[in-house]
Amino acid sequence: VHNGTEYPEYDPSGGDWTTELFHLKMQNLSEVLRSAVTGGADIVALEEVENENALRTLNDTYLKGMGYSVHTCEQGRTAIGVGLLTRLPVTELRVHRLVAEGGEPMRDIMEAHIDCRGEELVLFVNHWKSKLGGAEQTEGDRRAAAALVARRIRAVEAGSCIVAGDLNESWDEYERAAGSYPTALMPEDAKLPATESPATLFVTARPAAARVAADRVVLYSPWGSPGAVGSYWYAGGWETIDHTLLGPRLFDGVGLEFRSFEAVRQGFLLTPDGHPAGWSSERATGYSDHLPILLRLAAS
């Protein structure tokens with residue numbers, strides 16, 4: 001259906017996108033979700049959801065019987081909405097809308113409060129601004145998104161929080177930029193200039209360093225663990241732009257606790273050279289140019 005929200009390669013008016021390819025892509029996506037973990041994950045966060053129909057078709061037809069409820073956050077006349085599938089009850093759902101300095105709408109952020117068998121988990125589903133146009137030139141939009149999430153974490157005192165999604169920058173982005181400008185994800189001990197607001201997100205590779213405080217929100221990034229490779233292959237190297245950043249209560253020994261994290265590297269998801277097998281309408285094959293990431297939590 002041509003309704004104006006498509007990427008060009010998914011626009012049937014161009015002649016290359018068909019109902020048959022739509023259903024094949026749904027089938028392939030369901031294969032990933034069913035096989036990444038036995039029985040499927042309890043919570044699935046998705047980005048680049050074109051519209052509610054796409055997500056409901058995936059759930060109602062291809063994930064039928066898996067017990068998911070569907071929650072969407074469509075992004076107007078674009079294909080960059082975020083979505084959530086969950087078997088666990090959602091007790092509160094908010095959509096945060098940001099506006100750039102020039103008045104242009106930025107990408108929405110979904111905030112879902114989920115009842116995990118008596119413990120509240122606050123999940124932020126994100127798809128931050130890409131680097132198209134230059135990393136430094138677009139950093140302001142990502143920093144604005146990070147600042148909003150940091151404010152919300154403080155507001156709801158969400159020590160049991162997860163910031164998930166494609167943040168379009170690596171966990172060590174500041175080091176990759178050689179410290180030449182502030183990034184949306186800053187090192188836990190970074191000193192910001194006096195003119196810079198502390199209302200951004202800080203990341204750490206040390207679980208014990210995660211904290212929610214007045215001066216900064218520091219979240220644990222599993223990408224800092226030894227051996228972590230990345231989920232996105234770009235310009236000859238792996239990037240860690242797909243995230244689950246974790247709050248301090250997931251390491252306090254009470255209730256939900258962090259257990260493991262990985263980029264899923266099943267053989268069918270990879271090309272012969274070991275890179276993500278992205279979807280191709282021309283070949284009618286593939287999955288995504290991002291590998292899925294899998295986070296495991298368990299009751300202590």
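Start by selecting arginine 211. In this predicted model, arginine 211 is partly exposed, at 32% relative accessibility.

**Stop 1: a network**

Which residues are linked in a network of salt bridges? Select Glu139, Arg142 and Glu169 to see the network. How many salt bridges does the count come to? The count comes to 12.

**Stop 2**

Switch to a cartoon view. Color residues 43–49, which are strand 1. Then color residues 69–73, which are strand 2. Finish with residues 81–86, which are strand 3. Together they make an open sheet of three strands, in the order 1-3-2. The pairing is antiparallel. Strand 1 and strand 2 are the edge strands, and each pairs on one side only. Look along the sheet for its twist, which averages 20° from one strand to the next.

What holds paired strands together? Strands of a sheet pair through backbone hydrogen bonds, either parallel or antiparallel.

Zoom in on strand 2 and strand 3. How many bridges join strand 2 to strand 3? Five bridges join them, and the two strands run antiparallel. Pick cysteine 73 for one example. Its bridge partner in strand 3 is valine 82.

**Stop 3: the cysteines**

Stay on cysteine 73. Is this residue buried or exposed? Cysteine 73 is buried, with a relative accessible area of 3%. How many disulfides are counted here? The count comes to zero. For cysteine 73, the nearest cysteine sulfur belongs to cysteine 161 and is 18 Å away.

Jump to cysteine 161. This residue is buried too, at 0% relative accessibility.

**Stop 4**

Show the side chains of glutamate 52 and arginine 56. They meet in a salt bridge, 2.5 Å from N to O. How are the two placed along the helix? They are four residues apart in helix 2, which means about one helical turn separates them. Glutamate 52 is partly exposed, at 30% relative accessibility. Arginine 56 is also partly exposed, with a relative accessible area of 34%.

**Stop 5**

Last, select aspartate 42 and arginine 87. Their salt bridge brings the closest N and O atoms to 3.0 Å apart. Where do the two residues lie? Aspartate 42 is in the loop between helix 1 (19–35) and strand 1. Arginine 87 is in the loop between strand 3 and strand 4 (90–96). The pair therefore ties together parts that are 45 residues apart in sequence. Aspartate 42 is partly exposed, at 33% relative accessibility. Arginine 87 is partly exposed too, at 29%.

Technical notes: Residues numbered from 1 in each chain as written. Predicted model: local features only at pLDDT ≥ 70, side-chain atom pairs only at ≥ 80, totals over all residues. Heavy atoms only, no water. Pairing = 2+ DSSP bridges. Axes fitted to C-alpha atoms, helices over the stretch in contact; angles between N-to-C directions. Salt bridge = Lys/Arg side-chain N within 4 Å of Asp/Glu carboxyl O. Buried < 20%, exposed > 50% of the residue type's maximum accessible area, 1.4 Å probe, protein only. Disulfide = S-S within 2.5 Å.
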